[in-house]
Amino acid sequence: MTSSEQAAASSPAFHSQYRVVIVGAGLVGLLLAIVLRRADYHVVVIDKDSKLKEIGAGIILPANACRALAQANVLDKVKSCAVAPNAWVSHSYQQGGILSRMELDPYIQDQYNVPFLVIHRPDLRRILFEEAKARGACIHLATTADVHRTDFSDDLIHATVTDDVEMVARNPDDGRKERTLQADLVIAAEGQQSEARAFLAGHSNQPLPTGKMVNRILIGIDRMRELGLEDLIDPPCIHVWLGPGSMAVGYLLKDVFNFVLVCSSECEPEVYLGPREVEKEELRAVFQDWDPRIRSLVENGHGYLKWLLLENGDTALSSWIHAAEGDKLKLALIGDAAHAIGPYIGSGAALGFESATVLGALLEQARQQSDIAPMLSVYESLRRPRTDLVKRVTQKMGQEWMLPDGPLQAARDRTFVEEVPPSQGYPNALQDPFFQTWLYSFDGEQEAREAWRLHREDSVDCA
């Protein structure tokens, strides 16, 4: 019997009748579906897209992300499509000189018992999608949920379906069909543009521009060799260039070099969502004085895309959950819908995977339906302080890594070079031994079990 079968066999009978609807078939929503199916919950995943797609090409999976994948029994499948980079190498932006090197493989595996990986986003999503279906989750694409029209005293969610999805429709005459889904718990994993987040905030959730944008370029491995850029792919490393107001990140995936440039979005005429094509000329102007290797990558890639870095406009959201006493239907946010952060230290997906593991491990311990509401509160109390801290560190690193030329930048670079080994407050927080240990050692299952144990003890003491 597999661990998933053992968990399902030991689950209370109500789990299989308890209906969880996950809104969003992204990475976090799919991982959560896998974890909840392990506990034998009835899981339905809906997503507005009619087919799977991903912005960008690569994604970083640090140790805490890989631990979550291991606990969901999907890490081996992920590893088969991933690359384990040797190191995280920070460069000065003009000549590309090395400022610091953080060992990754095999150091991370030895230190934290899980690897540090990079992978194609579409490959990771495909693995999680197929695994969620294999575990018994029902997945419906081209389907959106309307939380604003939902009566939480009932157990029905209003949904809209496009007519390329075979579902029972109320209005067969137009291309948009309305229906209702029955649920006991809705978990919103649909990203920064979350309608559920807007519902909890009490106003429209319009993400605000951060002043930065991301540009993505792909370069084939053979082309990298033709350009004499073997040092960027052999051995595989994560290369980061730190420049004034901008930065660049590049790493090898299975069959392509993934190159990302972060720069100012001041020249963008409007706020927009999703990717757009970007012209080389726009990038030439920004990076003309950078490391010659970066200029070569800008000139010789393909798949040029850009998108704005946005942040949630309602940063003071009072709660991630709606679980009023007496309501049949409960709601919780997860992933970017709850705690979106910038891309600078590669922790966005990892935090979402942590949250999926914590929420799944809490719900796995539910012995009766009345446990669910307090478990949602425990989930938020566990996740919110940690995600807030990682967000602040990420913002600080973005600022420090994109300092303008001058005394502060020179002092930062001296610290990079001279402070060996790194100590607390190092310019790369991932090399700060205290922060790295705190970040990468996180065990969502263990934290959830301990938090629920303490909650139950407190409840007994207060009784």
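Helices (H or I, at least four residues) and strands (E, at least two) are DSSP runs, numbered from the N terminus. The model is predicted: local features need pLDDT of at least 70, side-chain atom pairs count only at pLDDT 80 or more, and totals for chains, interfaces and linings use all residues. Residues are numbered from 1 along each chain as its sequence is written, and side-chain values use heavy atoms, with hydrogens and water left out.

**Overall build**

- The protein's secondary structure amounts to 16 helices and 19 strands.
- With a radius of gyration of 23 Å, close to the 23 Å that the globule rule gives for 463 residues, the protein is as compact as a globular protein of that length. Here the radius is taken over C-alpha atoms, and the rule is 2.2 Å times the number of residues to the power 0.38.
- Taken along the principal axes, the box filled by the C-alpha atoms is roughly 65 × 55 × 45 Å.
- Of the 463 residues, 56% are buried. Buried means under 20% relative accessible area, exposed over 50%, and partly exposed in between (1.4 Å probe, protein chains only).
- Contact means heavy atoms within 4.5 Å. Among contacts between residues at least 6 apart in sequence, 74% join residues at least 24 apart.

**Surface and charge**

- About 19700 Å² of the protein is accessible surface, and carbon and sulfur atoms account for 49% of that. These areas come from the Shrake-Rupley method with a 1.4 Å probe; for residues, only the protein chains shown count as cover.
- There are 46 positive and 64 negative side chains, and the centres of the two sets lie 2 Å apart. Lys and Arg count as positive and Asp and Glu as negative, while His and the chain ends are not counted. Each charge is placed at NZ of Lys, CZ of Arg, CG of Asp or CD of Glu.

- Four bridges link strand 1 (residues 19-23) with strand 11 (residues 185-188) in the parallel sense. Valine 23 has alanine 188 of strand 11 as its bridge partner.
- Strand 11 also pairs with strand 19 in the parallel sense, over four bridges, and here valine 186 stands opposite leucine 331.
- Strand 19 pairs with strand 18 in the antiparallel sense over two bridges. Isoleucine 321 has alanine 332 in strand 19 as its bridge partner.
- Within strand 19 (residues 330-333), Lys330 and Ala332 point one way and Leu331 and Leu333 the other way, and all are buried.

- Strand 16 runs antiparallel to strand 17 (residues 302-311), and two bridges join them. Across this pair, glutamate 277 faces leucine 305 in strand 17.

**Histidine 455 in helix 16**

- Histidine 455 sits in helix 16 (residues 444-462) and counts as partly exposed, at 27% relative accessibility.
- Not counting residues up to four places away in sequence, histidine 455 touches Pro374 and Val378. Histidine 455 and valine 378 are 77 residues apart in sequence, yet 7.8 Å apart in space, C-alpha to C-alpha.

**Backbone points to look at**

- Most residues other than glycine have a negative phi, and most peptide bonds are trans.
- The peptide bond from aspartate 234 to proline 235 is cis, with omega near 0°. Proline 235 belongs to the loop between helix 8 (221-226) and strand 13 (238-243).
- Valine 420 and proline 421 are also joined by a cis peptide bond, with omega about -5°. Proline 421 is in the loop between helix 14 (407-418) and helix 15 (433-440).
- Asparagine 73, though not a glycine, has a positive phi of about 65°. This asparagine 73 lies between helix 3 (63-71) and helix 4 (75-79), in the loop, and is partly exposed, with a relative accessible area of 42%.
- Asparagine 113, not a glycine either, has a positive phi of about 65°. The loop between helix 5 (107-112) and strand 6 (117-120) holds asparagine 113, which counts as exposed at 63% relative accessibility.

Conventions:
Pairing = 2+ DSSP bridges.
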